[in-house]
Amino acid sequence: MARADDDWMRHALALAERARREDDEIPVGAIIVDASGSLIAEGWNRNIAEHDPSAHAEIVAMRRAGQAVGNHRLLGCTLYVTLEPCAMCAMAMVHARLARVVYGAADPKTGAAGSVFDLLGDARHNHRVAVSGGVLGEQAGAMLTAYFRGKRGKPAAVR
């Protein structure tokens, strides 16, 4: 599964780059793969462009996946996202009954998949989502850091 996770995360990273390049959005990309391993939906941050605080990459992808499968439940599906989900997105994932979430960079400020909160695995919910974090996390984190450094007018970090 690790090889497939890397491959799907590369796809999500490409979407994150599109968010930055095409829409000047925070570079976060997300895709949803069904139980058979087929891509059913993708999305990237749209909250600035659409003036919608809920239009995070994960929400965009889940909306499109729901349309694709004709159901608000995304049973057996895996969501790949370049940044650890926030609380809003994590709870939408629980309600959608996703099987699994794979994320890239951890979010030490608002992460809700184990960094700050653990909403996806909370035993008080009637559904728990399996989580794999840190998949291509350095690449995802570097993309986010470069974006915010650019917004603040700071030079790119030298490695």
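This is a predicted model: local features need pLDDT of at least 70, side-chain atom pairs count only at pLDDT 80 or more; totals for chains, interfaces and linings use all residues.
Visitor: Which element gives the most residues to the largest nonpolar core?

Guide: The largest nonpolar core has 46 residues, and those with the most contacts inside it are Ile 32, Met 62, Leu 79 and Leu 98. At least two residues of this core come from each of α1 (2-23), β1 (29-33), β2 (39-44), α2 (57-69), β3 (78-83), α3 (87-96), β4 (100-105) and α4 (137-151). The element that gives the most, with 7 residues, is α1.

Visitor: How many disulfides does a search of the whole structure find?

Guide: The sulfur of Cys 77, a buried residue with a relative accessible area of 3%, lies 16 Å from the closest cysteine sulfur, in Cys 89, and this is too far for a bond. Cys 86 is in no disulfide either, its nearest cysteine sulfur, that of Cys 89, being 3.8 Å away, whereas a disulfide requires the two sulfur atoms to be within 2.5 Å. For the whole structure, the number of disulfides found by the search is 0.

Visitor: Within what arc do the buried residues of α3 fall, seen down the helix axis?

Guide: The buried residues of α3 are Cys 89, Ala 90, Met 93, Val 94 and Ala 96. They line one face of the helix, because their directions, seen down the axis of α3, fall within an arc of 165°.

Visitor: Against which elements do the buried residues of α3 pack?

Guide: Among the residues that Met 62 touches are Cys 89, Met 93 and Ala 96, which are buried residues of α3. Taken together, the buried residues of α3 pack against α2, β3 and β4.

Technical notes:
Residues are numbered from 1 along each chain as its sequence is written. Side-chain values use heavy atoms; hydrogens and water are left out. A nonpolar core is a set of buried Ala, Val, Leu, Ile, Met, Phe, Trp, Tyr and Cys residues joined through side-chain atoms within 4.5 Å. Buried means under 20% relative accessible area, exposed over 50%, partly exposed in between (1.4 Å probe, protein chains only). Helices (H or I, at least four residues) and strands (E, at least two) are DSSP runs, numbered from the N terminus. Contact means heavy atoms within 4.5 Å. The arc is that of the directions from the helix axis to the C-beta atoms. Lists of a residue's contacts leave out its neighbours within four places in sequence.
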